[in-house]
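Please look through the sequence and the structure before reading the points below.

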Amino acid sequence: MYGNDYGPDDAATRTETRDRLPRRDEPLNAADAAALEGYFDELIDADQRIEPRDAMPEAYRQTLIRMMAQHAHSEIIGMQPEGNWITRAPSLRRKAILMAKVQDEAGHGLYLYSAAETLGVTREELLDRLHTGRQKYSSIFNYPTLTWADVGAIGWLVDGAAIMNQVPLCRCSYGPYARAMVRVCKEESFHQRQGFEILWTLARGTEAQQEMAQDAVNRWWWPSLMMFGPPDTGEAATKGHTAQSMAWGIKRFSNDDLRQKFVDMTVPQAERIGLTLPDPDLRWNPERGHYDFGAVDWAEFKRVLSGDGPCNAARIEHRVRAHEEGAWVREAANAYVAKQADRAVVGAA
Ligand SMILES: [Fe+2]
Ligand SMILES: [Fe+2]
């Protein structure tokens, strides 16, 4: 159920409350602020969706803008490492599949920038924050794609980790984000399967192909585990944004829980493919009912995130160049819309 769709008993009073509240862009007096907080909390407690028309705490709005923008940036920057292999895909079939996949990622970026715009920030501003380094994208895309097997490893591991993160976001408390995620997740599951199938095929190929597949998995495994973000349970539970985001119904699981789910899902798949995962500490723990795994190198994560990964500079340089070279397309699209609007006015006169 989406929106503030209460049952018949509650509907009248809740609508009244909402009508009394100022809109998001109107100034708040103290009474309004208290009513707003109560109404917002009621919606969150009832596991209802917050919609763009609803007033919301500024910190909630800013958290969502940050999350959704970084998610959108990751989708479009993520096109680069795989786009690198479109011209060198080993067959026409592989090329067509990869092109469709990379195009899907552009679409995911579009849904997410559009959803973020409902929070009162423009796409131009968000792209400017990306281009000037004021907002980040997933650190995984700062690693290079050295061989064709990397396309398989990205689909299987990186898109697999993305799905694990994104399926719970389909129940996120902010309606436009949740709805965008439903479609994104359907496409991500295709991405994961195409990656699995590439590695499956290579693992049944020549010795050189098997080695290439194993080498790609060795390089992408740890960065994939980093995709879930730093530890946020146990001693780390009070650090970072997780506790607040969970209280607001934006996040549904901790980074550590999602990472564990990903490991538990992926180990049996690796066994099926016939590849190993590069972690000597990886083993089933019957008492926990989960796989134990080794320590992630968080120093590397921080280094890559802060700009010192193998491809950070190249990714942003390419993005800015594509944006500048695409300016004429945006201008042409705007001119077309203006022309259509003029015609509609003339037609109506
Ligand atoms: Fe995506
Ligand atoms: Fe994807």
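The model is predicted: local features need pLDDT of at least 70, side-chain atom pairs count only at pLDDT 80 or more, and totals for chains, interfaces and linings use all residues. Residues are numbered from 1 along each chain as its sequence is written, chains are lettered from A and ligands numbered from 1 in the order in which they are written, and side-chain values use heavy atoms, with hydrogens and water left out.

**Overall fold**

- The chain has 14 helices and two strands; these are DSSP runs numbered from the N terminus, with helices being H or I of at least four residues and strands being E of at least two.
- Along its principal axes, the C-alpha trace spans about 70 × 60 × 40 Å.
- Of the 349 residues, 47% are buried, where buried means under 20% relative accessible area with a 1.4 Å probe, counting protein chains only.

**The largest pocket**

- A pocket is an open set of points on a 1 Å grid over the protein atoms alone, where a 1.4 Å probe fits, with protein on both sides within 12 Å along at least five of seven lines; lining residues have an atom within 4 Å of a point.
- The largest pocket has a volume of about 1300 Å³, a volume being the space filled by probe spheres set on the points, which are joined across faces, edges and corners.
- Its lining holds 46 residues, and Gln70, Asn165, Met227, Phe228 and Gly229 lie nearest the centre.
- Elements that give two or more residues to this lining include α3 (58-77), α5 (92-117) and α7 (148-166).

**The second largest pocket**

- The second largest pocket contains about 660 Å³ of space.
- Its lining has 17 residues, with Ile76, Met79, Arg319, Ala322 and His323 nearest the centre.
- Among the elements that give two or more residues to the lining of the second largest pocket are α4 (79-83) and α13 (312-325).

**His73**

- His73 is located in helix α3.
- His73 has a relative accessible area of 0% and is therefore buried.
- Beyond its neighbours within four places in sequence, His73 is in contact (heavy atoms within 4.5 Å) with Tyr113, Leu126, Leu130, Gln135, Lys136 and Tyr137.

Notes
Buried means under 20% relative accessible area, exposed over 50%, partly exposed in between (1.4 Å probe, protein chains only).
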